[in-house]
Amino acid sequence: MAAFVVRRILVNIVVFMLIGIGVFLLVRAAPGDPVRMMISPEDLQEGSEQFIQARRAELGLDDPILVQYARWLLDAISGDLGSSFLNREPVSGLLLERLGPTVLLMSTALGISLLIAVPLGTIAAVRRNTGVDYAAAALSLGVISVPSFFLGITAIYVFSLQLGWLPSSGMSTPDGGGGADVLKHLIMPAAILGLAAAGPLTRYVRGSLIDELSADYVRTAEAKGGSLARVVSRHALRNSLIPLITIVMINIPQMLAGAVVLEQVFAWPGMGQLAVRAVNTQDYPVIVGFALYVAALVLVCNLVADIAYAVVDPRVKVT
Amino acid sequence: MSDLRPSLDAADVTAAQEAVAAGPGTGGPSSSRRSPRAMAARRFRRNKVAVGGAIFLLVLLVVALLAPLIAGQSPYSVDLGAIRQPPSAEHWLGTDASGRDVFARLVYAARVSLMVGVFAALLAVLVGTLVGAVAGLFGGWLDTALMRTADMMLSFPNIVVVIVLAGLLGPSIPILVIAIAASEWPTAARMVRGVTLAVREREYLHAARVAGASRGWLLRKHIVPAAMGQIVVVGTLAVAGAILSEAVLSFLGLGVQPPQASWGNMLNDAQSLTVIQSMPWLWLPPGLAIAATVLSVNFVGDGLRDAVDPRQSGRS
C-alpha cells in the first residue's frame with residue numbers, strides 16, 4: 001500500500017513536470033516579446049533597441065532554452081510565478097488572495113450538491129420507476145443541458161431584479177454587513193453550481209444503490225425481518241456511498257470550471273474571474289500561474305481519488 | 001458535461017463485454033430475421049422523446065442551412081440609429097447594442113454553434129477511437145500510458161485548456177474546436193478500448209489473426225464495426241457537450257469572436273444589469289436556443305443508447 005502511494009505520488013510529480021514543460025513551451029510560442037510587454041509604453045518610447053537587448057540579457061532570455069526552463073521551474077516551485085504584466089503585482093499573491101472566495105464558493109456548492117444528490121438518488125433507487133425517479137432523471141438531464149451561466153442570468157433577473165431578494169453581484173456590500181451579508185451574496189452562485197454538480201451525482205448514487213440492493217446480503221437482511229428503511233440506511237446505502245468520495249474528487253475539477261463561469265456572471269472575486277480577465281488583457285504570467293494551480297488541483301484530486309478507492313475497497317487491485 | 005468515470009478498468013470491460021455479447025444480432029428468437037441495425041432503428045422510433053429531439057434538430061439544421069433565406073436581413077449590418085430596440089415587426093427579436101437584428105444573428109449563430117459542436121465531436125471520436133483501439137490491441141505499457149493520459153485529460157476542465165490556449169495564442173474557432181475535442185476524446189477512447197478488449201479474445205478475431213491480418217486490418221474490419229453502435233452514441237452525446245462548451249467559452253469571450261455571432265457570445269451582452277433587467281430579448285432567445293438544442297441532442301443520444309444496447313437502459 002505504501003509503495004502504491006509513493007509510486008502514484010512520483011508519477012504525479014512527473015506528470016506535473018510534463019504539464020509545466022507544455023505550458024512553458026506554449027508561453028514561448030506565444031506571439032509578442034515579453035520584454036516589450038513588461039515595459040510600460042512611456043519607457044518603450046525613450047528606451048532604445050540597446051536597452052531592450054540589455055533587458056533581454058538581464059532576464060536571461062538569451063540563454064539556452066533548457067537553462068531558461070530549469071530557472072523558470074525552480075522559481076515556480078519556490079512559489080515565484082513572476083509578476084502580472086498589468087499591475088506588476090506578484091502572481092502568487094494575486095492568486096492566493098482569490099483562492100479564498102473560490103474555495104468558499106466551491107465548498108458550499110459541494111455541500112449543496114451532496115444534500116440534493118444523496119437523498120434524491122436514494123429515493124429514486126428505492127422507488128424505481130415512480131414519479132420521484134423520473135423527476136430525478138429529469139433534473140439530471142436538465143442541469144447538464146441548460147448552461148449554468150444562463151441559469152445564473154435568469155436567477156439574477158428573477159431574484160435580484162424582479163423580487164429584489166438577493167444581491168446580484170460581488171461577495172459583500174461595500175459598507176459591510178458581516179457573515180450574513182456574504183451569505184446572501186453566496187446563495188445564488190453556490191446554489192446554481194451545486195445544482196449543476198448534483199445532476200451527475202444523483203445518477204451515480206441511484207445507480208450504485210440499485211446495484212447494492214440486488215446483492216445477497218440485502219436479501220439476507222430483508223429475510224431477517226429488517227424494514228426497508230433499516231435495510232437501506234444500515235446496509236445498502238453505506239456500501240453504495242463508499243465510492244462516492246472518489247466520484248466527488250474526480251468532479252472537483254469540473255466544478256472549478258463551473259465556478260470560473262459563475263464567478264464571471266455574479267462578479268464573484270475568485271480565481272476564475274482573475275483568469276478570464278487575464279486572458280482578455282493577455283496577462284501571460286497570471287494565465288500560466290492559474291494553469292499551474294489548476295493542474296496541481298487536478299493531480300491532487302486524482303491522487304486522492306485513487307488512494308481513497310484503494311483504501312475503502314480492499315478488493316481494488318493495487319498496482 | 002462530463003460523465004462520471006467509475007475509475008475501474010474492469011467496469012469498462014464488463015460493460016463492453018455485455019454490450020458485445022448482448023449486442024446486435026442476438027436479439028431473441030422472435031426477431032432473428034431482422035438485421036441488428038433495423039432492430040435498433042425500430043427501438044429508436046418507438047422512443048417518442050428521442051424522435052421529438054431528432055425532429056427539432058432536423059428543423060434546426062434546415063434553419064441553419066437556409067440561414068440567409070430565413071433571417072431576411074444581414075446579421076452584421078450595424079444601425080447605430082436603432083440600438084437595443086425592443087421586438088417589432090421589422091426586427092422580430094429587436095436589435096442588439098450595435099443595432100444588429102437579433103433574429104438574424106440567432107439564425108446565423110445556429111450555423112456556428114452546430115458546426116463547432118459537430119466538428120469538435122467528430123475530432124474527439126476519431127482520436128478517441130484510434131487511441132482506444134491501439135491501447136486495447138497493443139496492451140502493455142502503451143495501454144497504461146494512453147489510458148492514464150486519457151484519465152488526466154478527462155479530469156482537466158476544458159475551460160482551463162481554452163484559457164491557456166486562447167490566452168496565449170489568441171481566441172479562434174480552430175483553437176475552440178481543438179480544446180473541446182481535447183477534453184471529449186477520452187470518453188470515446190475508454191469505450192473503444194473496452195470493446196477492443198472484449199472482442200480481442202473472440203474466435204473470429206483469433207481466426208483473422210491466424211490468417212495473417214495486420215493490426216490495421218483488425219481495427220478497420222473488426223473492432224470499429226463492433227464498436228460502431230456505441231461510437232455513434234458517444235459521438236452524439238459529445239455533440240451536446242461540445243455545443244455547451246462552445247456557448248460557455250464564447251460567453252466568456254474566449255471562443256467565437258464578434259462580429260461573428262454564436263449563441264454563447266450573444267449572451268455576452270447580458271453581463272450588464274441594465275440589459276438583464278430591461279432587454280430580455282437580448283439574452284432570453286439565445287439562452288433558450290442553447291438549452292433546447294443541447295436537450296434535444298441529449299434526448300437523441302439517450303435514445304440511441306437504449307436502441308443500440310437495450311440492456312444498458314435505466315442503468316448508470
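Student: How many helices and how many strands are there in chain A?

Tutor: Helices (H or I, at least four residues) and strands (E, at least two) are DSSP runs, numbered from the N terminus. Chain A has 14 helices and 0 strands. Along the sequence the pattern reads α-α-α-α-α-α-α-α-α-α-α-α-α-α. This is a predicted model: local features need pLDDT of at least 70, side-chain atom pairs count only at pLDDT 80 or more, and totals for chains, interfaces and linings use all residues. Residues are numbered from 1 along each chain as its sequence is written, while chains are lettered from A and ligands numbered from 1 in the order in which they are written.

Student: Where in chain A is confidence lowest, and where is it highest?

Tutor: pLDDT is the predictor's confidence in each residue, from 0 to 100. Where pLDDT is low, the predicted coordinates should not be read in detail. Chain A averages 81, and 90% of its residues score at least 70. Helix 3 (residues 41–46) of chain A is lowest, at a mean of 57. Helix 6 (residues 91–126) of chain A is highest, at 89.

Student: Why does Ala307(B) count as buried?

Tutor: Count C-beta atoms, placed from the backbone: a residue is buried if 20 or more others lie within 10 Å of its own, exposed if 12 or fewer, and partly exposed in between. Ala307(B) has 23 C-beta neighbours inside 10 Å, so Ala307(B) is buried. Ala307(B) sits in helix 13 of chain B. For chain A, buried residues make up 38% of the 319 residues.

Student: Which residues is Ala307(B) in contact with, leaving aside its neighbours within four places in sequence?

Tutor: Two residues are in contact if their C-beta atoms, placed from the backbone, lie within 7 Å. With those neighbours left aside, Ala307(B) contacts Ala40(B), Arg43(B) and Phe44(B). In chain A, take contacts with a separation of 6 or more: 72% join residues 24 or more positions apart.

Student: How many residues of chain B are in contact with chain A?

Tutor: On the chain B side, 39 residues contact 47 residues of chain A. Helix 7 of chain B gives the most to that side, with 8 residues. For classes, Ala, Val, Leu, Ile, Met, Phe, Trp, Tyr, Cys and Pro count as nonpolar, Asp, Glu, Lys and Arg as charged, and the others, Gly among them, as polar. The side of chain B that touches chain A divides into 27 nonpolar, 9 polar and 3 charged residues.
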